[in-house]
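Here's a quick briefing to read with the model open in your viewer.

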There are 2 protein chains.
Amino acid sequence: MSNPSDKPPTVKARLPRGFADRAPGDIAATDKMLEAIRCSYELYGFEAVETPFVEFTEALGKFLPDLDRPNEGVFSFQDDDDQWLSLRYDLTAPLARYVAENFDRLPKPYRSYRVGWVFRNEKPGPGRFRQFMQFDADTVGAAGVAADAEICMMAADTLEKLGIRRGDYVIKVNNRKVLDGVMEAAGLEGEGRAAQKLVVLRAIDKLDRLGADGVRMLLGPGRKDESGDFTKGADLAASAIERILGFTSARAGDNAGTLAKLSDSVGESARGKEGVAELAEMAALFTAAGYDGRVVIDPSVVRGLEYYTGPVYEAELTFEVKDDNGRPVRFGSVGGGGRYDGLVARFRGEPVPATGFSIGVSRLFSALKAMKSPLVEGAGARGPVVVLVMDKTELARYQGFVGKLRDAGVRAEMYLGSAGMNAQLKYADKRGSICAVIQGSNERDRGEIVIKDLVLGAQLGGATKDRADYLELKQRAQFSVPEDRLVEAVREVLARHG
Amino acid sequence: MSNPSDKPPTVKARLPRGFADRAPGDIAATDKMLEAIRCSYELYGFEAVETPFVEFTEALGKFLPDLDRPNEGVFSFQDDDDQWLSLRYDLTAPLARYVAENFDRLPKPYRSYRVGWVFRNEKPGPGRFRQFMQFDADTVGAAGVAADAEICMMAADTLEKLGIRRGDYVIKVNNRKVLDGVMEAAGLEGEGRAAQKLVVLRAIDKLDRLGADGVRMLLGPGRKDESGDFTKGADLAASAIERILGFTSARAGDNAGTLAKLSDSVGESARGKEGVAELAEMAALFTAAGYDGRVVIDPSVVRGLEYYTGPVYEAELTFEVKDDNGRPVRFGSVGGGGRYDGLVARFRGEPVPATGFSIGVSRLFSALKAMKSPLVEGAGARGPVVVLVMDKTELARYQGFVGKLRDAGVRAEMYLGSAGMNAQLKYADKRGSICAVIQGSNERDRGEIVIKDLVLGAQLGGATKDRADYLELKQRAQFSVPEDRLVEAVREVLARHG
């Protein structure tokens, strides 16, 4: 057998760019967050479903933002029968495949949620990973905008269940049909305009980042950014550009005001009017259910994806936190979605209405951490009780102590390394343990064990100048009990520190 | 914009071979099982860690069973800088990379658990997937076999916590050093024998499936299977073969008996004696902790992986269930592991002792389902309360009912499709809903709603011949209440059916 340790260490321990490990605290905290989202979605009648990580590249389609070539942006590889496979890049394309494949069996409308990792073969950057998590909810088979309205309200409820206060978030709603109407009214219509429309969509989607002037350039001749890179524009006439920018800034003081402005923007376009009517219907549902101000019509939201066909929506956090340099930072969008009536049709050849919402889990998690949400703070922070090994011939005895603690439901372990007592106590500190259990030969002869409160012990150093207080504290930080009081004494110490 | 629904449906909705979707019941049941394993591991002081799905191919090494070429068996693809990346094929190789990368920062011994999907680019078959889930626990940095013994006992405890009764499972323990000793005693030693030893290992690993005669052929000239495929043998001399087969069948009535036989098998080999001594030390710990019979020394277990360096262990279910044809089936191995002191050394150039155990989650889950474990039965079976839409102009009103139910913590939804009343009730049945809420114009005028108990309703058909009973049942299955008693009445119906 070739023993790898005989070879020189030529392999570097590192991860590819854009991939990251997760520490126990983050795992536990994220799990708590996901559980809260799950409960919220189930309360709304959505049920779980899960698809695998690998799909036929063809089944995923080419519905990626800013991409015209199908294999760019996704991780792809050929199967042994030469067919191309890809890692999923979102949870929507696999859902469309799943629904099409199981169409006759599924209840319709089909309401499902999914959570999982997705992969993008893109350039990673700060906070931008090549593997990240999404949490989606979709309703397939419901043509009416009540389905879209419900998902928007569910998004609002979910953020509140995560501890984000009313006023600290907003769900913004728009409708692609209104944009179609505006473009029609601006004289831009017809099949040949598809590519140009995509450029317009992606330009508007950058409003937040570039402002109106930047978008104006992208709608016109194009734009050179700070690095000198040039982005081709949509080459629209000035009047069309102003009409579109007018549309994106049509948000008024309330939904009724916004809807009135949008009616003007779409002119006589039938499709545009249909979009405005849908928004009006959604607005009425929001009002009736008491969501005014939490869910608002906002035409600046278009979403960058090509496949949306009707309502689009985005969940934004509006509160500010301070960054490491004390500067105020907004988290902005933590999720979004919309209606995609064409995706399932790719497989079935008949239109299948669908609408869905996707939460960017890592982004939302960062926001909850920044606002010090009790949901994610301090999860999984404490280590187990550590039983020290003072005498290597007594392992079975120490294992017995550990067994008693575990039987009582107390997380516990026997130290398994080869270091001495001080290093063992340091190990317990590093694990974040509250309590250590020690039995040397003297204690063993007396049938006793020493219980050490590591939290109090750490405070002993600079705690008090008063001699009497110090002695009392010291007595509480480390004390002996008979062996049969092990569990009781450990529980007492654990209870001290919640 | 190119609307995909305009195109003919050329894309087939299907998954690549060896990948599968998961339904809500399976997801919920598996989650419950994973949670039980997690609790068990945390009780033992193991903490969570998670690595990404993608690693440098080089970092994963070539530690796959039955593979000599590094890229066979794993899904690999080239990054844009031409470096090879792979999907992880187990959770051990990424852990070795993680520990090596974070060595100075981690507490040592480092005790961690990980659960997640792994990928094998192999030929799928019945119950054999290319994406499957593992749940691992590892102790890195502990050289003594107390660490191995602890993991074996934890495996036993974990199976019991999952509801598998004592006597229905066994943890079998062996030691690679003993096999080394046996081979040495049989005159097979030295560096040049590495490849031959791997053939021996894999031959013994097939004992369960092929029996002693099949393994005898694999240790000798080779073996042709039923399909006519020929597997090359280890070409050992007859005396060496019998010595090895004698070793694998050395299990006696108790650990002491087995250890005595093993002492004979290894002859004067120093390495073999070391292995027997380690097994004896582990056996003593099992006895002291009360695990005799649950954890047993069994030399027939060797595990097929090249990288093990000391104790190896396997968790086997020993009870039988009936398959679909009424024939008895054993589940056999649901997990295994061992000591791999060389894996972290690949990165660090110094030996780092490590031992770990991996549960095959899908296999264990199948076993729990087959034994009708309450842990996984009936999870996530019931659908939400469905509020029917009897009048499309009253969506806000129905939405209001749904809102009240959700505010009271009751899972509920408004029907979002376009079908009539009967189809809506069928939808609720398909969701597994217990209760539907109905308000037509007559009820609305009276300020009432109708509550329909779908479970009782389904029983009405053939339930009773007695007219009075039938009427009473019918009355309970569908009744009117004032609107303000909605939540109360729904709760009453839900409570009827647990």
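Predicted model: local features only at pLDDT ≥ 70, side-chain atom pairs only at ≥ 80, totals over all residues.

**How the chains meet**
- The two chains touch through 91 residues of chain B and 91 residues of chain A.

**The eight-stranded sheet in chain A**
- Chain A has an open sheet of eight strands with mixed pairing, ordered β1-β5-β6-β13-β12-β11-β7-β10.
- The edges go to β1 (47–48) and β10 (295–297) of chain A; each has a single partner strand, so one side of each has no neighbour in the sheet.
- Further in, strand β7 (residues 169–175) of chain A pairs with strand β11 (residues 311–322) of chain A, antiparallel and over seven bridges.
- Helix α1 (residues 24–43) of chain A lies across β5 (110–119), β6 (131–140) and β13 (354–360) of chain A, and runs at about 5 degrees to β6(A).

**Strand β5 of chain B and its partners**
- Strand β5 (residues 110–119) of chain B is largely enclosed by the rest of the structure, because seven of its ten residues are buried.
- Strand β1 (residues 47–48) of chain B runs parallel to β5(B), and two bridges join them; here E47(B) faces S112(B) in β5(B).
- Strand β6 (residues 131–140) of chain B pairs with β5(B) too, this time antiparallel over ten bridges, with G116(B) opposite Q134(B) in β6(B).

**P109(B), a proline to click on**
- You'll find P109(B) in the loop between α3 (92–101) and β5 of chain B.
- Is P109(B) buried or exposed? With 24 other C-beta atoms within 10 Å, P109(B) is buried.
- Setting aside neighbours within four places in sequence, P109(B) contacts L416(A) and G417(A) in chain A, plus T139(B), V140(B), G141(B), A142(B) and A147(B) in chain B.
- For a sense of scale, P109(B) and L15(B) are 94 residues apart in sequence and 42 Å apart in space, C-alpha to C-alpha.

**The five-stranded sheet in chain B**
- Chain B also has an open sheet of five strands, ordered β15-β14-β16-β17-β18, and again the pairing is mixed.
- At the edges stand β15 (412–414) and β18 (478–482) of chain B, each with a single partner strand, so one side of each lacks a neighbour in the sheet.
- From one strand to the next, the twist averages 25 degrees.
- Strand β14 (residues 385–387) of chain B is joined to β15(B) by three bridges, running parallel, and V386(B) is opposite E413(B) in β15(B).
- Packed on this sheet is helix α18 (residues 486–496) of chain B, which touches β14, β16 (435–438), β17 (448–453) and β18 of chain B and makes about 10 degrees with the direction of β17(B).

**A helix pair in chain A**
- Helix α5 (residues 176–185) of chain A packs against helix α10 (residues 270–288) of chain A at an angle of about 150 degrees, with the axes 7 Å apart.
- That angle makes α5(A) roughly antiparallel to α10(A), and the crossing is left-handed.
- Residues in the contact include K177(A), D180(A) and E184(A) of α5(A), and R271(A), K273(A) and E274(A) of α10(A).
- By class, this contact has five nonpolar, three polar and seven charged residues.

Definitions and conventions
Residues numbered from 1 in each chain as written. Chains lettered and ligands numbered in written order. Axes fitted to C-alpha atoms, helices over the stretch in contact; angles between N-to-C directions. Helix = DSSP H or I, 4+ residues; strand = E, 2+ residues; numbered from the N terminus. Parallel < 35°, antiparallel > 145°, perpendicular 65-115°, else oblique. Left-handed = near helix turned anticlockwise from the far one by under 90°. Contact = placed C-beta atoms within 7 Å. Nonpolar A, V, L, I, M, F, W, Y, C, P; charged D, E, K, R; others polar. Buried ≥ 20, exposed ≤ 12 C-beta atoms within 10 Å, placed from the backbone. Pairing = 2+ DSSP bridges.
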